[in-house]
Amino acid sequence: MKPHLAAAYRNPVKFRMPTAENLVPIRLDIEIDGQRYKDAFTWNPSDPDSEIAVFARKTAKDLKLPSGFVTQIAQSIQSQLTEFRSYEGQDMHVGEKIVPIKLDLRVNQTLIRDQFLWDLNNMESDPEDFAKTFCSDMGIEDPEVGPAIAFAIREQLYEIAVQNVTSAKEIKVNKKGRRGIEYIPISKAGVTAVDLAKLFGSKSSVIRKRKDWDVFEPIVDILSNEEVEALEAKEDRIPR
């Protein structure tokens with residue numbers, strides 16, 4: 001029997017990524033003596049921390065980076081893992097919600113823009129599988145695009161999960177004297193999350209309503225070398 005929605009709001013779950021694999025999105029942007037290293041990948045928080053130093057040394061060796069990068073890479077990964085682990089064990093309110101996910105990224109010469117809805121309650125959802133299907137459907141051949149799309153989704157889901165932890169704390173503090181609290185989080189995209197049961201009957205992870213296909217149709221552009229160089233120059237001027 002399906003629990004009443006109000007009960008779902010009153011009964012929080014423990015923090016974790018709302019995906020099949022509980023992976024941490026790690027983003028690195030390190031510059032030493034004019035040499036810059038940027039990367040984005042996922043990390044299993046259950047893996048031993050000893051693997052961080054191994055990864056940092058191997059990365060520096062493979063990319064022929066100065067030895068100073070080893071410490072910086074390891075410290076950045078460790079810091080982001082520590083922050084993620086600080087939420088583990090804490091309550092977060094999810095309820096039966098879908099949230100908007102936006103893609104606006106460039107990978108090499110490929111520019112991707114899209115918007116769709118994601119079911120936070122489906123803990124079997126798979127951003128990597130979605131990204132693979134997206135690339136296949138859109139005829140994208142660059143092998144780096146799929147992982148970048150999956151990472152962008154995971155980053156947004158992580159931020160929403162953290163917001164849900166904060167909201168759970170606020171609700172717990174203010175729940176005295178209040179009944180039937182309705183929790184409606186605001187997503188990174190700035191759009192109010194909505195009740196899944198009110199809109200859809202399915203439990204699919206990604207939802208794109210037919211009437212919205214023209215409005216939120218995926219956009220994929222292939223940039224020229226000149227356009228890529230102009231964008232990279234602009235990105236380099238943005239303070240990190």
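When I say helix or strand today, I mean a DSSP run, with helices at least four residues long and strands at least two, numbered from the N terminus. With that in hand, here is a first stop: K64 is found in the loop between α2, residues 50-62, and α3, residues 68-87. Hi everyone, and thanks for coming. Please keep in mind throughout that this is a predicted model.

Let me stay with K64 for a moment. Is K64 buried or exposed? K64 is exposed, because its relative accessible area is 70% and the cut-off for exposed is over 50%. The backbone here is worth a look too: phi of K64 is near 55 degrees, a positive value in a residue other than glycine. As background, most residues other than glycine have a negative phi.

There is another residue of this kind to show you. D33 sits in the loop between β2, residues 24-32, and β3, residues 35-43. Its phi is near 50 degrees, again positive and again in a residue other than glycine. D33 is exposed as well, with a relative accessible area of 82%.

Now let's step back to the whole chain. How many helices and strands does the chain have? There are seven helices and nine strands. The chain has 240 residues, and 38% of them count as buried. If you take the contacts between residues at least 6 apart in sequence, 69% of them join residues at least 24 apart.

On to the helix pairs. Two packed helices are described by the angle between their axes and the distance between the axes.

The crossing of α2 past α3 is right-handed. On the α2 side, the contact is made by I52, F55, A56, R57, T59 and A60, and on the α3 side by V70, I73, A74, I77, Q78 and L81. Sorted by class, the residues of this contact are nine nonpolar, two polar and one charged.

Next, α3 again, but with α5 as its partner. Here the angle is about 40 degrees and the axes are 10 Å apart. So α3 is oblique to α5. The crossing of α3 and α5 is left-handed. From α3 we have E83, F84 and Y87, and from α5 we have Y158, V162 and V165. This contact has five nonpolar residues, no polar ones and one charged.

α4 passes α5 in a right-handed crossing. Which residues meet here? P127, E128, F130, A131, F134 and C135 in α4 meet V145, G146, I149, A150, I153 and R154 in α5. By class, that contact divides into nine nonpolar, one polar and two charged residues.

Let me zoom in on P127, which belongs to α4. P127 is buried, with a relative accessible area of 0%. Leaving out residues up to four places away in sequence, P127 touches T19, W118, A150, I153 and R154. Take I153 from that list: P127 and I153 are 26 residues apart in sequence, yet their C-alpha atoms are 6.5 Å apart in space.

D119 is in strand β6, residues 110-119. Like P127, D119 is buried, with a relative accessible area of 0%. What does the side chain of D119 reach? The side chain reaches the backbone nitrogen of N121, at 2.9 Å.

Finally, look at Q109, in the loop between β5, residues 97-107, and β6. Q109 is partly exposed, with a relative accessible area of 32%. Setting aside residues up to four places away in sequence, Q109 touches D221, I222, L223, S224, N225 and V228. The C-alpha atoms of Q109 and I222 are separated by 5.5 Å, although the two residues are 113 apart along the chain. With N225, the side chain of Q109 makes a polar contact of 3.0 Å.

That's my tour, and I'm happy to take questions.

How values were computed:
Residues numbered from 1 in each chain as written. Predicted model: local features only at pLDDT ≥ 70, side-chain atom pairs only at ≥ 80, totals over all residues. Heavy atoms only, no water. Left-handed = near helix turned anticlockwise from the far one by under 90°. Contact = heavy atoms within 4.5 Å. Nonpolar A, V, L, I, M, F, W, Y, C, P; charged D, E, K, R; others polar. Buried < 20%, exposed > 50% of the residue type's maximum accessible area, 1.4 Å probe, protein only. Polar contact = N/O pair within 3.5 Å; in protein donor to acceptor, adjacent residues only side chain to side chain. Axes fitted to C-alpha atoms, helices over the stretch in contact; angles between N-to-C directions. Parallel < 35°, antiparallel > 145°, perpendicular 65-115°, else oblique.
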